[in-house]
Amino acid sequence: MNCIIVDDEPLAREEMKNLIEEISSIQIVGTFSNAISALECIKTNPVDLLFLDIEMPTVNGLDFAQSLPNDKLVILTTAYAQYALKSYELDAIDYLLKPINKDRLAKAIDKAIAYKKLLALKENQSTVEKASEDALFIKSDRKFYKIAFTDIRFIEALKDYVVIYTRNNKLITAMNLKTIHQKLPVSLFARTSKSYLINLSFIDSFDNHTVYIDKFEIPIGEIYRESFFKQYTGGLL
């Protein structure tokens, strides 16, 4: 996997470069101080992943992320926690708060590598054919699979696909989150953000901004917070 680092602060670029080289084997194609220079690199070099700072002059990271080709993966970096939820609205793979934590960076890189592999494996790409009263029927590699609603932990939007996380597996499906939501029972599933749909029965805990399901942290978007709390708590919170 090839990556670039985009940050207007020289020290931040150098720190990120050193951390990536220390903990990962992904290749750093270049480091850039602005979005315009980064875009020129992307046009002429194979780049899979961008570490993209949000607060930059002229073109900020959020606007730049929206303009990128759909095959580029983005990990946003910022010193401001309030941008975290916006990163998920942009289908960013992850976000990192400065100062960058090494373990947190390693986790984000592993996630990006896993998503790239998942998208590259044609046999893992599937289509939702039908939905019964208690299950989805998914076609993958010329076979049909019955996925019970009660086995789906959560569903994550990923570019033009969704990733269905079951108890024991992950399936990538060529469908958007809104469409698959319409095939699921409202009593069991809730939207928490533009990028996530969760099975309420798998929730371990939650706070104002995050739902925790096993080791996964699912963000709660601002526009979905009230409806999620009402659905999950029955209006008690």
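Which strands does helix α5 lie across? I looked it up, keeping in mind that this is a predicted model. Helix α5, residues 102-120, lies across β3, β4 and β5. It runs at about 165° to β5.

**Entry: the sheet.** I traced the strands next. I found 5 strands in an open sheet, ordered β2-β1-β3-β4-β5, with parallel pairing. The edges are β2 (27-32) and β5 (94-97), and each pairs on one side only. From one strand to the next, the twist averages 20°.

Entry: I then checked β1 (residues 2-6) against β3 (residues 49-53). They run parallel and are joined by 4 bridges. I noted one partner: C3 bridges to L49 in β3.

**Entry: another helix.** I turned to helix α1, residues 10-23. Helix α1 packs on the sheet and touches β1, β2, β3, β4 (73-78) and β5. Its direction makes about 175° with that of β2.

**Entry: the cavity.** How many cavities of 30 Å³ or more does the structure hold? I found 1. Strand β9 (residues 152-158) gives the largest share of the lining, 3 residues. I sorted the lining by type: 7 nonpolar, 1 polar and 2 charged.

Where does this cavity lie? Domain 1 (2-124) and domain 2 (135-233) both give residues to the lining, so the cavity lies between them.

Methods:
Residues are numbered from 1 along each chain as its sequence is written. This is a predicted model: local features need pLDDT of at least 70, side-chain atom pairs count only at pLDDT 80 or more; totals for chains, interfaces and linings use all residues. Side-chain values use heavy atoms; hydrogens and water are left out. On a 1 Å grid over the protein atoms alone, a cavity is a set of points where a 1.4 Å probe fits but cannot get out, and a pocket is an open set with protein on both sides within 12 Å along at least five of seven lines; lining residues have an atom within 4 Å of a point. Grid points are joined across faces, edges and corners, and a volume is the space filled by probe spheres set on the points. Helices (H or I, at least four residues) and strands (E, at least two) are DSSP runs, numbered from the N terminus. Ala, Val, Leu, Ile, Met, Phe, Trp, Tyr, Cys and Pro count as nonpolar, Asp, Glu, Lys and Arg as charged, and the others, Gly among them, as polar. Domain bounds come from an automatic or database domain assignment. Two strands pair if DSSP finds at least two bridges between them. Axes are lines fitted to C-alpha atoms, for helices over the stretch in contact, and angles run from 0 to 180 degrees between N-to-C directions. Contact means heavy atoms within 4.5 Å.
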